[in-house]
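Here is a set of questions and answers for someone meeting this structure for the first time. Please look at the sequence and the model before reading on.

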Amino acid sequence: MADTAPHHVHVAIIGTGFGGIGAAIRLTQEGFDDFLLFERADEVGGTWQANTYPGAQCDIPSALYSFSFAPNPDWTRLYPLQEEIQAYIARCADDFGITSRIRFGHDVTHAGWDDLAQVWRLTAAGQEFTADVLVGATGPFSEPSVPAIDGLDDFAGEVFHSAQWDHSWSPEGKRVAVIGTGASAVQFVPQLQPKVKQLSLFQRTPTWIMPHPDRPVSQGVRTMFRRHPVTMRALRESCGLAQEMMVPGLVKRPGLLAPMAAVARLHLRRQVADPELRAKLTPRYAFGCKRPTFSNTFYPALAAANAEVITDGIVRVTPTGIETADGVLHEVDTIVLGTGFKLAGNEGFRRIHGADDRSLSATWEGGEMVAYMGTSVAGFPNFFQILGPNSVVYTSQVVTIEAQVDYLVDALKQMRDQGIRSIDVLPEAQERFVREVDEGLAHSVWNTGGCSSYYLSPSGRNYTFWPGFVVGFRRRMKHIRLADFTVRRIDGLRLVEPVAHEQELIG
């Protein structure tokens with residue numbers, strides 16, 4: 001079909017995962033119809049479109065992992081599977097009339113703020129677009145992280161990342177090396193182990209693993225949800241409350257998490273009889289410091305006769321295998337990378353350039369990502385980052401996204417009603433927010449738990465979490481505070497000086 005997209009839109013949205021589709025739906029509901037979504041793939045879904053590895057499943061209950069305004073009574077499991085999540089996002093796009101606004105195969109290779117024209121200039125699929133407002137909804141898990149291991153490019157067998165799964169590859173009878181023990185590996189390792197000749201898991205740091213509470217949702221329960229939506233809302237509230245109960249231990253008093261650590265240790269003890277293997281799989285850092293995960297099959301897979309856990313560091317990859325620091329060459333046929341994603345070094349951040357033509361990557365030099373309210377970045381007018389620095393609440397990321405979209409919608413309303421052309425958060429307001437966040441997280445398990453994780457910047461700053469309950473985050477995100485911004489109005493682009501103020505930011 002011929003591309004009839006206008007070259008100028010009021011709002012340009014990059015990405016069609018939960019963030020992009022959620023923002024687009026709310027814009028439509030609030031009367032903002034002049035927008036386009038740019039998607040580099042051929043389907044919607046974001047991380048759930050890319051991550052199709054065997055066993056891919058969300059670790060948040062399905063009742064929470066959906067839009068509050070689009071409950072889904074048809075989840076087949078308590079914890080949703082990848083295929084169902086992607087189908088749900090696609091259905092929401094169709095049901096709310098968003099699909100026609102998506103430009104598939106349009107990878108945004110450059111987005112730059114034109115301060116003279118007061119617009120964003122975008123390049124995608126060889127075409128030029130302009131937009132008054134830019135929404136970055138690419139998500140934190142959009143670019144696979146491939147480790148810089150000597151010799152990896154010279155390996156003679158198959159090599160692929162879990163987020164780029166080679167579905168033409170067969171594990172049958174293969175000697176397979178898995179590098180990494182994050183959430184993805186915990187899910188796909190049990191799928192591979194029964195099929196391979198030998199599975200070698202190269203582990204740098206073990207993961208806290210809890211018994212998985214996942215269960216099928218019966219047809220009768222799904223019928224009840226459909227006929228009585230109040231039951232779904234009650235389940236959603238209950239799941240949200242359960243997630244929130246972890247916040248005091250995570251943010252203020254990590255000692256409160258000791259009972260959960262005890263459950264995880266008991267789970268390991270019950271499933272792994274070999275004391276040597278159990279010792280390898282026992283974390284030496286505080287529960288919650290890295291993201292815990294759920295599995296009833298990971299430990300049994302590693303305890304199987306055809307599996308081994310290797311904790312010696314990787315020195316190099318040879319054409320036939322992996323050499324470790326103890327001098328052993330582990331010969332393998334395939335290497336699967338379960339090594340997570342680039343956060344600070346995301347390619348998308350190198351493509352977005354602010355008022356002084358500096359990219360987000362350059363602004364966040366060394367991986368020190370900061371933003372105001374996790375959404376606005378000083379020097380990037382009319383730019384809103386979904387799931388930006390310190391925006392994540394310890395529950396479903398869809399909850400974070402909906403709160404940030406509230407912030408975006410209120411900004412657009414105030415700009416429209418007050419004749420505002422552009423807003424740019426003041427550096428001092430951003431710095432104040434960052435100080436408040438750092439103080440709020442100073443005693444959190446992520447800062448004191450004795451681990452390194454993707455939650456922390458290279459300097460050790462926690463750039464991921466909001467230091468409090470979701471209710472506080474929602475309250476602060478309901479309305480944008482324009483006194484914290486440089487405001488340019490339509491009438492001659494007259495600069496309006498912000499009003500000095502003091503306000504507690506974290507609730």
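Predicted model: local features only at pLDDT ≥ 70, side-chain atom pairs only at ≥ 80, totals over all residues.

Q: How many residues apart in sequence are the parts that the pair Cys289 and Cys451 ties together?
A: The structure holds one disulfide, and Cys289 and Cys451 form it with their sulfur atoms 2.0 Å apart. The angle about the S-S bond is -95°, and the link is left-handed. Cys289 lies in the loop between α9 and β11, while Cys451 lies in the loop between α15 and α16, so the parts tied together by this pair are separated in sequence by 162 residues.

Q: Are Cys289 and Cys451 buried or exposed?
A: A residue counts as buried when its relative accessible area is under 20%. The relative accessible area of Cys289 is 1%, and the relative accessibility of Cys451 is 16%. Cys289 is therefore buried, and Cys451 likewise counts as buried.

Q: How far is the sulfur of Cys92 from the closest cysteine sulfur?
A: Cys92 counts as buried, at 4% relative accessibility. The closest cysteine sulfur is in Cys58, and it is too far away for a bond, the distance being 15 Å.

Q: What covers the buried residues of α14?
A: Helix α14 covers residues 427-441, and its 15 residues reach 21 Å from the first C-alpha to the last, close to the 21 Å expected. Its buried residues are Ala429, Gln430, Arg432, Phe433, Val434, Val437, Gly440 and Leu441. The elements that cover these buried residues include α7, β19 and α15.

Q: Which element gives the largest share of the lining of the second largest pocket?
A: The second largest pocket holds about 530 Å³ of space. It is lined by 23 residues, of which Ser68, Arg236, Glu237, Val399 and Arg474 are the closest to its centre. Two or more lining residues come from each of α6, α13 and α16. The largest share, eight residues, comes from α6.

Q: What is the phi of Gln118, and what is the phi of Met373?
A: Most residues other than glycine have a negative phi. Gln118 is found in the loop between β4 and β5 and counts as buried at 2% relative accessibility, while Met373 is found in the loop between α12 and β18 and counts as buried at 1%. Neither residue is a glycine, yet each has a positive phi, which for Gln118 is about 60° and for Met373 is about 55°.

Q: Which residues does Leu387 touch, not counting residues up to four places away in sequence?
A: Leu387 lies in the loop between β18 and α13, and at 14% relative accessibility it counts as buried. With residues up to four places away in sequence left out, Leu387 touches Pro140, Gln397, Thr400, Ile401 and Gln404.

Q: How far apart in space are Val317 and Ile335, C-alpha to C-alpha?
A: Val317 lies in strand β13 and counts as buried at 5% relative accessibility. Leaving aside neighbours within four places in sequence, its contacts include Ile149, Phe155 and Ile335. Val317 and Ile335 are 18 residues apart in sequence, and their C-alpha atoms are separated in space by 9.9 Å.

Methods. Residues numbered from 1 in each chain as written. Heavy atoms only, no water. Disulfide = S-S within 2.5 Å. Helix = DSSP H or I, 4+ residues; strand = E, 2+ residues; numbered from the N terminus. Buried < 20%, exposed > 50% of the residue type's maximum accessible area, 1.4 Å probe, protein only. Expected span 1.5 Å × (residues − 1). Contact = heavy atoms within 4.5 Å. 1 Å grid on protein atoms, 1.4 Å probe; cavity = no way out; pocket = protein on both sides within 12 Å on 5 of 7 lines; lining within 4 Å. Points joined across faces, edges and corners; volume = space filled by probe spheres on them.
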